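Subject: the model, and what turned up in it

Hi,

Here is the structure I said I would pass on. Have a look at it first, then read my notes below.

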Amino acid sequence: MAKKERMKLERLVRVLVILLVVVLMILAGYSQYAHQTFFSENAMAAAFTPVQSFFSGAADYVSNYMSILKLRGNLEIEYHKLRALNEQLMYRALFAEDLQYRNDYLLDLLHEYNTRIPMNPLYARVIEREPGNWFSQFTLNKGARDGVKPNMAVITHTGMVGNVVEVSENSCKVITIIDSNFKIGALIVSSRDQGVVGGTLGIDGQPLCRMYYLPASSIPRPGDTVVTSGVGLPFPRGLVLGTVRESTRLLEENKYYVVVEPTANFQHIEDVLILRYEPQIEVRPEGEEVV
């Protein structure tokens, strides 16, 4: 309503000004015709100057206001364009970063593959995993038709991940070394002391391992490397499990254990190698006696 009233007032002002101008022009013309002066030039100038100033100022104000509106509209358009471009560049940067990570990871895995050729490695991808922040158990896209069997080791370029526990025709299930149900023979490289490594994820919720059954005299140092011993399951010897974090020297010898921090990243497992390693059994000639 206020806008309509203002528009009506502006129209009225325009009409009055136009009428005033017309009257002044008529009077000026008549004065020239009758050789009579109703208004002097100064009076005319004094009468018209405020009117001209008003309309000139109003025109400038409207022009400036319209320019500001146009500039603001252009700025908003450019802002949205720049914002869209920025989001697109951020997406591309993240995508490029992910591609670089994948490329580096796969190159490292390829190097590990070439290193493990004698153990008949097989590349596999994770297709399913247990819910949670950590990879405790997961499924790979390789199975019996690819030569996969239970108890085969699963690794990345950083260390051992776990071993195969179930096999179907086209997939297999893996249990990781941080799972509390996992157990494997291991040794500390520096001291050659042997024991059994098991996971702690199901015990205290930590993605760590514990090494039990070490000799009472064994005092591992933080940072010592722990590897598979090759005793028990048909695992290759020397696969890196992790490093010693700390040891607990309790009064009861059977409760003494060493905390092992895995070298594999159990939050981001996507591609792995299955080692289709089978220990060679020496076949003796018939009739030869075993000494």
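Why does Phe135 count as buried? Because its relative accessibility is 6%, and buried means under 20% relative accessible area, with exposed over 50% and partly exposed in between (1.4 Å probe, protein chains only).

Some housekeeping before the rest. This is a predicted model, so local features need pLDDT of at least 70 and side-chain atom pairs count only at pLDDT 80 or more, while totals for chains, interfaces and linings use all residues. Residues are numbered from 1 along each chain as its sequence is written, and side-chain values use heavy atoms, with hydrogens and water left out.

**Overview**

The protein has 3 helices and 12 strands; both are DSSP runs numbered from the N terminus (helices H or I with at least four residues, strands E with at least two). Of the 291 residues, 31% are buried. The accessible surface comes to about 19,400 Å², and carbon and sulfur atoms own 57% of that (Shrake-Rupley with a 1.4 Å probe; for residues, only the protein chains shown count as cover). If you take contacts (heavy atoms within 4.5 Å) between residues at least 6 apart in sequence, 55% of them join residues at least 24 apart.

**Aromatic rings**

A pair of rings is described by the distance of the centres and the angle of the planes. I counted Phe, Tyr and Trp rings (the six-membered one for Trp) as paired if their centres lie within 6.5 Å; planes under 30 degrees apart are stacked, over 60 edge-to-face, and the rest tilted. That gives 3 aromatic pairs. One of them is Phe135 with Phe138, edge-to-face at 5.9 Å centre to centre and 75° between the planes. Phe138 is buried too, because its relative accessibility is 1%.

Then there is Tyr212 with Tyr257: the centres are 5.6 Å apart and the planes at 50°, so this pair is tilted. Tyr212 sits in strand S8 (residues 209-212) and Tyr257 in strand S11 (residues 257-262), so the pair ties together parts 45 residues apart in sequence. Tyr212 is partly exposed at 21% relative accessible area, while Tyr257 is buried at 16%. Together with Tyr213, these two make one aromatic cluster.

The charged end of Arg129 is over Phe135, 3.9 Å from the ring centre, and that of Arg210 is over Tyr257, at 4.4 Å.

**Strand S5 and its partners**

S5 (residues 172-176) is mostly covered, with 4 of its 5 residues buried. Strands pair here if DSSP finds at least two bridges between them. S5 runs antiparallel to S2 (residues 137-140) over 4 bridges, and antiparallel to S4 (residues 159-167) over 5 bridges. S4 and S5 form a hairpin with 4 residues between them.

Thr139 belongs to S2 and is buried at 16% relative accessibility. Its contacts, leaving out residues up to four places away in sequence, include Arg125, Glu128, Cys172 and Lys173. Over in S4 you will find Asn163, which is buried at 4% relative accessible area. Asn163 touches Asn151, Val174, Phe182 and Phe235, among others, again not counting residues up to four places away. Asn163 and Thr176 are 13 residues apart in sequence, with 6.6 Å between their C-alpha atoms.

Asn151 itself is in the loop between S2 and strand S3 (153-156), and is partly exposed at 29% relative accessibility. Its C-alpha is 9.8 Å from that of Leu275, 124 residues apart along the chain.

**The core**

In soluble globular proteins, nonpolar side chains tend to be buried together. Leu140 touches Val154, Val174, Val272 and Ile274, among others, with residues up to four places away in sequence left out.

Cheers

Definitions and conventions. Lys NZ or Arg CZ within 6 Å of the ring centre and 35° of its normal.
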